[in-house]
Amino acid sequence: MRLARFLAVSVCIGCMAAPTAAQYSFYFGRNKIQYKDFDWTVLKTEHFDIYFYPEMQTLAEHGAAFAEEAYAELQNRFNFSLTNRVPLVFYSSQLHFKQTNITDGFIPDGVGGFFEFLKGRVVIPANGNLHRFRRVIRHEMVHVFTFNKLVRVYRDFRIPPDRFLPLWFTEGIAEYWSGPQDHQHEMIMRDAVYANYVVPLENIYRVTGSYVMYKEGEALCRFISEHYGEESLLQLIDNAWIDRDFRKVMEFTLREDYQEINDRWLEWLRDTYYPRLEDVDVATLDADGVAVRGFSSKPVLYRRRDGRHQVFYTGNLDGYTNLYYVDVDSLYRPRSEAQILVHGERSDQFESFHVLDSRMSVSQDGHLAFVTKSGETDVIHTFDLESRVAGPVYFFEDKVAIYSPTWSPDGDRIAFVSIDNSGFIDLYVYDTTSDELTRLTNDTYDDRDPAWSPSGQQLVFSSDRTALGHANAYNLFTYDLESGGIDYLTYGDQHDFSPRWSSDGRQVVYVSTRREADGRFGGQDIYVVDADPGPEAAPVLALDSLGALSMQVPSVPPQRWSRRLTSLTTAAFDPVWAEDDHILFASFENYRFSIRSLGGVDSLLSSPRQLEQVAPPPAVARPWEFDRLNEPTSIDKLAYQRRYGLDIAQGQISNNAVWGTSGGAVLAFSDLLGNDRFFITLYSTSQYTGDFLRGLNVNLSRVHLSGRANIGYGIYRYGGLRYDLTDPDAPLEFPRFWEEVYGGFGAVSFPISMFRRIELSTSLSWDDKQIPIRRIDREAFLLSNAVSLVHDNALFGMNGPVDGWRGKLSAAYTTDIVYSNVNYVTLEADLRHYLRVSRHVTFASRLLGRVNHGREARLWFMGGSWDLRGYPLFDVRGKKAWFTSHELRFPLINAPSAFVPPLAILGVASLRGALFLDAAHTWNEDYRARIPQIYTGETIGSTGFGLRLNLFGGFVLRYDLGYRLREGFKEREKRLFRQFFFGFDF
Amino acid sequence: MDPVLDAPLEVAWSYNARAGFGPDAPQSFGEYILISTRQGEVHVIEAATGRRVGAKRFGDAVNGAPVVVDRVLVVPVAAGRSSLVAYNLSRAQVIWRRRGPPIHTGLAAVEEDVILVNIDGVVERVRAADGELVWSHALTDAPRVYARPIVLPDRVIIVDEHGRAVALDLESGAVIWEHLVGGQVYTAPAAGDGRLAVPTTRGQLSVLDLNTGDRLWQFALPDSTVRMATPAVNEKVVVAGASDGFLRKWDAISGALEWVFDGGEALTAAPVLTDSFAYAGSMGRRLLAVRMADGTLAQEIELRGRIKSSMTLQPDGLIVLTEPRYVVRLKEADGV
């Protein structure tokens, strides 16, 4: 929101000039905060300008090597070279990435990076995993090549570049050419095939932008490559000029009917995945559900002192991610509905959870440790589960991201992994009693999911520090807290994640996925590995070298065994030992994460689905390292210098019977990092050449976004005829007058947190208003100051907010410091609350109060579809006003295309209904006497029913039908009013 | 043509053709140059001055090179209502049009006829004067053909996308020989001195005997993602660029690799050979003059855009097509 709204403030202030400052800048939105002052540096490689900050230089050097490596490969795949240097902007963590100004939108967890094609910028965060970092760089570079190649094709054929390839194809080819299919791809595709939610090619637009689309796109590109030849992928881009409809491009290139291509692809998916259905377990059939609604993950179990078992987990049932708990019986069946322990994503304290990355831990004395983002960094929260009281919160300077805290058995220490400013992830132990933080590892490997042994002597964790880690394998390791030694617990070309010790410390449960014979990853299953090798082999009677029988110890070293307990269709995550022969885990099935309990664990351990010896690991101190750019010289490494590029250039000419011809242009420039922005607006309302300067409107403004406080300032000159119903001096029947304004403004928006901010603005301008009909020629030198406090934690549904609340309190004072012609105060309070009655039903309330008081105070107005329904816009006017609106919003057809498929073609995304009641009252002094047809001095309102139709997921049509209420609701007008408009609900 | 054009070169003139170009080289036509554009136009330019003699639109896109047969210009159309258009240059009028599957490759002239391959993999010999079909041959499995036909005195060579090289009798269209080179072929092969050099998308270059279709030698890179470009062939050497940015020179007879020059950016256009130099256009906007003797760089000239099309060597100049839409003529630098 930040830029858009901040700019809105700036422009708004500028356009309305001083008298109206802060009157109409009512708006909401969360804040994108620049917590860190990045010291940007540019590293120049053969093909790239790499933007990074000094703390992450090593990571940037790895990234530089990855980028050049990707370039060399993609130059061959695309048979194409780039003629411009590519700006690559690196962040060392997701939390830093979220602060980028290169895009104005909020970046959720899980976004691996993006390519912005206007300036050709590629923006990528690291997340502690160099494999992932490398893959994302390749992914984005595929986008860069695709875009440049496509633009070249269009330009060669002189086709306007107003069409682009479908997203499934661009993302699919980017994934496909980023590397072999990973375990997540296989998990999604297997699940989609087994649960029958594969979206056919002709309907893939219905899942545009979803994770399923990415993975289906990758599978489609792999299918095209295998079936029609690898070269066909590039041909699809080369042939894009042939038709605007990509289906026809596919038919031309692959020389098959589109439906035939689709059928072949679906058959290919079935042939690939159906044979694997033999001898598999289905989690929903073989494991009981503990929490199966919505999205639930990262379970932990706690047995209260009163004997009750409770399962705690992170879940998203209604849009916000919260921390839930559910009481379970001795067989881990839920005994009641899940309850919220911690409300997430609504407060500064619990901004967001890392729902897929960070586990929780419960100490033996019942303290829950979990991580949320809270301001600049992640923090570890503790919560006493017995007393239900929040405990201390731990944060650590320079530890940006924190994952998976685990309590020591004595409850004094917490181990966790953290990404610091360098971008690498390492193991740490924090002693809560001495307030001492100890770093256990310090390298480039990806260490994850630590768990403390019951003895307190060891940590087990997952890491790619294995000798097979160069091939992206993850194994389990133990860290000895006394010696600092790290030893393998498992070894092999596999992904071993999420280990947890058994209560006796003899075994470790974890999940693992391995490649099958065809190179694809199989299901992610629950395994148990011995914590210690078995005993030495017993002596046996055997022939010695002299041929005599004697007792001998076989020369076989002690063995460690791993047992696979499941054979799941898709994937298990985060297993937790439970008492009574059970393991709790999160399962992924039917595109949903749920918490389940696996029973009969003792029997599964004695008769596992697979018993395997843990392979002996090689003794290599530092098994592998990724390539890295050689030590860059000072010539290659430069301080960042702002260079501005064009963002928007738009011109407009309009012709109006009343106003005549007018025209103008808007230009916007920004630096490469999007931190510094210039806006130039030029507009002329002049009717003839000699009138040009008199009718020229100019606004020059600059906005700085690199600091925590967003600062804007500018100068303006406005001149022309103005039509303003809110001006109290304007002629009543035709409120048109001439006005010239010269001035400057400044504005500061300071975010207190993601949800709250303070806005300050000031402007100083000379204003000349000429109203010949009323013989008014008023000059004023206006100083206007405004302050606002804004809060917004509302959760948006398809048609508008559905939960949370937002509000704004504003105060402004405008005065004429030379002529004393103007002098008034503005006060405004706008509060909106959204009560979630049920998952799909919301009761929304709005309360608005506004006062303008003083000389030449402006009028507020209401009416129209945005506030007071049933009354024409501007027909409710006054210097003081209150307004309230209440609306019950409910679904009529959810996912209408599922019920009426033709609606999908029309873009219908949802249809909802609303019952509403609006009420308002305005006061004036002598204004009504002059214009009696306006509604003022009485309490009026309306009530009725409305329809909300969401088209294409982002465009809402609103239709309201109701009765007007007059005279303090004593009268109801008999005639129904109908009102049609578009826009989101309040 | 005497292959003498010694570096350093300099730009003699530049011509704006208003659209991009296909992979084929410009056609020399007496003192004129013939250029087809992807906007469907054919331009006639005076070779000495770069002055436009004329330009006419024949369809929505022309991707392959047209030919001139007895003052009849025959244009292959990749997108448009007609797929083949004949234009009498003397009378300045279209004399016939043919509808049918689009033609994405260039044409080859044979006496009074033209040879074409359409997108359905059908090879045809058509009379230029009236468009009458002389013979037609459908290639096996109706493959796509991205390479312009190569005409020899008694046969025409077609190489399809699947890497199948076919020699057809010029008079009857009958198959003389067929050979699978291995690997997909998306760029034109080149012939010279009894040899046919076929580049593939899988990092290979196969050299066949034009008489028998037998493989004489093959070069294969370990990296199968590399795309070899159309080579240049003479009696002594084969020279080809590739998407990996390297220009390679082989002994034409033994296939021994003689030198490798690192051009930096992808080299996707066919090089042009003179006695002393190999001229190669790069995707990095550079024209490279590389010494034939030792593969060292003699000169590089930065042009206005990528060079993706084959070049044409003239007695005293080199015609280069560059992005976004320029025809450039280079000549030996004055005073050197």
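The structure is a predicted model, in which local features need pLDDT of at least 70 and side-chain atom pairs count only at pLDDT 80 or more, whereas totals for chains, interfaces and linings use all residues. Residues are numbered from 1 along each chain as its sequence is written, chains are lettered from A and ligands numbered from 1 in the order in which they are written, and side-chain values use heavy atoms, with hydrogens and water left out.

Chain A contains 15 helices and 53 strands, taken as DSSP runs numbered from the N terminus (helices H or I, at least four residues; strands E, at least two). Along the principal axes, the C-alpha atoms of chain A fill a box of roughly 130 × 70 × 60 Å. Of the 986 residues, 58% are buried (under 20% relative accessible area; exposed is over 50% and partly exposed in between, with a 1.4 Å probe and protein chains only). Of the contacts in chain A (heavy atoms within 4.5 Å) between residues at least 6 apart in sequence, 59% join residues at least 24 apart.

Helix H5 of chain A (residues 167-176) is mostly covered, with nine of its 10 residues buried. The buried residues of H5(A) include Trp168(A), Phe169(A), Ile173(A) and Tyr176(A), as well as Glu171(A) and Glu175(A). Their cover includes helices H4 (130-156), H7 (211-228), H8 (231-238) and H9 (246-254) of chain A.

Strand S22 of chain A (residues 475-480) has five of its six residues buried and is therefore largely enclosed by the rest of the structure. Six bridges join S22(A) to the antiparallel strand S21 (residues 458-463) of chain A; two strands are treated as paired if DSSP finds at least two bridges between them. Within this pairing, Thr478(A) stands opposite Val460(A). Three bridges join S22(A) to strand S23 (residues 486-488) of chain A, again in antiparallel fashion, and here Tyr479(A) faces Ile486(A) as its opposite residue. S22(A) and S23(A) form a hairpin with five residues between them, and Gly484(A) in the turn has a positive phi of about 80°.

In chain B, an open sheet of four strands has the order S14-S15-S16-S17 with antiparallel pairing. Its edge strands, S14 (150-151) and S17 (175-180) of chain B, each pair on one side only. Strands S15 (residues 155-159) and S16 (residues 164-169) of chain B are joined by five bridges, and Arg155(B) has Asp169(B) as its bridge partner in S16(B).

Asp120(B) lies in the loop between strand S11 (113-117) and strand S12 (122-127) of chain B. Asp120(B) counts as partly exposed because its relative accessibility is 39%. Beyond its neighbours within four places in sequence, Asp120(B) is in contact with Pro101(B), Ala142(B) and Pro143(B). The C-alpha atoms of Asp120(B) and Pro102(B) are 8.5 Å apart, with a separation of 18 residues in sequence.
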